[in-house]
Amino acid sequence: MAGTAVRGRLTWQTATVASVLDETPSVRTVLLEVPEWPGHRAGQHLDVRLTAEDGYQAERSYSIASAPGEPVAITVERLEDGEVSPYLTQELRAGDQIEVRGPIGGYFVWEAATGGPLLLAAGGSGVVPLRAILRYRVMVGSPVPVRLLYSSRSWADVIYQDELSRPSPGVSVIHTLTRSHPDGWTGYTRRVDAAMLAQVAFRASAGPLAYVCGPTNFVEAVAAGLVGLGYPAGRVRTERFGASGQ
Amino acid sequence: MLGPGVLDGNAIGGMLMSLFGADMTAATGVCGSCGTVAQVAEFAVYQSELGTVVRCRTCEAVLMVFVEVRGVTCVDLQGLARLG
């Protein structure tokens with residue numbers, strides 16, 4: 001077995017928490033000051049490393065919630081049996097420090113020059129990198145049409161509610177609430193399936209580019225559904241977060 | 001069918017970048033067993049305390065193995081016919 005450890009330019013650095021913002025009862029956005037941050041692209045993520053007093057270290061990856069040029073922010077969902085997320089969502093305070101490395105990723109990235117139309121599909125916290133894409137699109141004044149299909153367990157679990165309730169011109173947000181919905185809800189109330197995608201997604205003939213992010217099961221189902229609608233596999237970009245833990 | 005806990009190459013983007021000095025998630029790999037061509041971000045990734053195993057999404061053959069031994073990351077890419 002070959003043994004190599006080639007050092008790249010990506011190194012751990014200390015970030016200071018500027019502020020925290022609760023998005024939902026189990027989701028928190030953490031704004032960071034990262035002195036040596038080189039800038040990032042919409043869709044990228046960063047790694048967080050926590051070190052316990054006994055030296056035990058845990059690393060996790062979190063999508064960057066902010067657009068290029070905005071302060072670095074991550075949005076973290078608290079997992080019941082998580083090692084890192086309970087600390088980040090409940091203990092961390094402004095002024096605290098954590099180690100981060102990034103930005104990471106060159107595949108799940110969107111730039112205006114890439115074009116569209118854009119079909120964004122989010123399962124739960126999978127909406128985080130897609131929100132960075134939406135913010136970046138507004139920032140650069142891209143006219144590309146966007147449809148965001150966003151699956152959540154309930155309305156209380158919808159992250160960035162205010163922002164997504166006022167989408168910018170050219171952006172449509174379609175919610176589906178899979179476990180419970182408010183009285184009078186007229187939207188979708190089931191997990192994303194082929195029929196829903198056929199109604200929501202841009203026609204394949206329009207040459208859309210899809211970004212699908214969330215729990216692995218969600219990503220697998222949506223990606224397969226889009227390919228079934230005629231999207232070339234190479235036009236469907238995926239980012240899996242693993243088991244949803246719910 | 002790969003299970004719900006399986007990740008993809010995005011999850012090891014940081015590790016790959018510190019090992020190779022560049023983003024590898026968009027790099028193209030060719031499975032040495034079935035010839036499937038895919039970007040690293042699309043590979044199936046299995047992580048445990050023992051290390052990381054990366055498999056072809058089509059035939060599930062092992063493409064890459066990463067194990068950390070006393071601070072050194074050992075990298076086995078023999079399952080790949082090509083990476084670049």
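**Notes on the predicted model**

1. Strand S3 of chain A, residues 45-51, pairs with S4(A) in the antiparallel sense over 7 bridges.

2. In general, strands of a sheet pair through backbone hydrogen bonds, in either a parallel or an antiparallel manner.

3. These strands belong to an open, antiparallel sheet of 6 strands in chain A, with the order S4-S3-S6-S1-S2-S5. Strand S4 (57-63) and strand S5 (73-77) of chain A are at the edges; each has a single partner strand, so one side of each lacks a neighbour in the sheet. On average, and with direction ignored, neighbouring strands of this sheet are turned by 40 degrees against each other.

4. What packs on this sheet from chain B? Helix H1 of chain B, residues 13-20, does so, touching S3, S4 and strand S6 (97-104) of chain A. The direction of H1(B) makes about 75 degrees with that of S6(A).

5. Is H1(B) largely enclosed or largely open? Of the 8 residues of H1(B), 6 are buried, so the helix is largely enclosed by the rest of the structure. The buried residues are Gly13(B), Gly14(B), Met15(B), Leu16(B), Met17(B) and Ser18(B). Their cover includes S3, S4 and S6 of chain A, together with strand S6 (62-69) of chain B. Just after the helix, Gly21(B) takes a positive phi of about 80 degrees.

6. The contact between the chains takes 25 residues from chain A and 26 residues from chain B. On the side of chain A that touches chain B, S6, helix H5 (216-228) and strand S11 (236-240) of chain A each supply at least two residues. S11(A) gives the most, with 3 residues. By class, this side of chain A has 10 nonpolar, 10 polar and 5 charged residues.

7. The domain assignment divides chain A into domain 1 (13-104) and domain 2 (112-240). Their centres, taken over C-alpha atoms, are separated by 24 Å. The contact takes 16 residues from domain 1 of chain A and 14 residues from domain 2 of chain A. Strand S1 (13-24) and S5 of chain A each supply at least two residues of the domain 1 side. That side has 7 nonpolar, 7 polar and 2 charged residues.

8. The largest nonpolar core has 82 residues; those touching the most other members are Leu120(A), Leu130(A), Ile133(A), Ala210(A), Tyr211(A), Val212(A) and Val222(A). Helix H2 of chain A, residues 127-139, gives the largest share of this core, 7 residues. Both domain 1 and domain 2 of chain A give residues to the core, so it lies between them. Ala210(A), one of the core residues named above, has contacts beyond its neighbours within four places in sequence, including Leu119(A), Ala121(A), Leu226(A) and Tyr231(A).

How values were computed. Residues numbered from 1 in each chain as written. Chains lettered and ligands numbered in written order. Predicted model: local features only at pLDDT ≥ 70, side-chain atom pairs only at ≥ 80, totals over all residues. Pairing = 2+ DSSP bridges. Helix = DSSP H or I, 4+ residues; strand = E, 2+ residues; numbered from the N terminus. Axes fitted to C-alpha atoms, helices over the stretch in contact; angles between N-to-C directions. Contact = placed C-beta atoms within 7 Å. Domains from an automatic or database assignment. Nonpolar A, V, L, I, M, F, W, Y, C, P; charged D, E, K, R; others polar. Core = buried A, V, L, I, M, F, W, Y, C linked by C-beta atoms within 7 Å. Buried ≥ 20, exposed ≤ 12 C-beta atoms within 10 Å, placed from the backbone.
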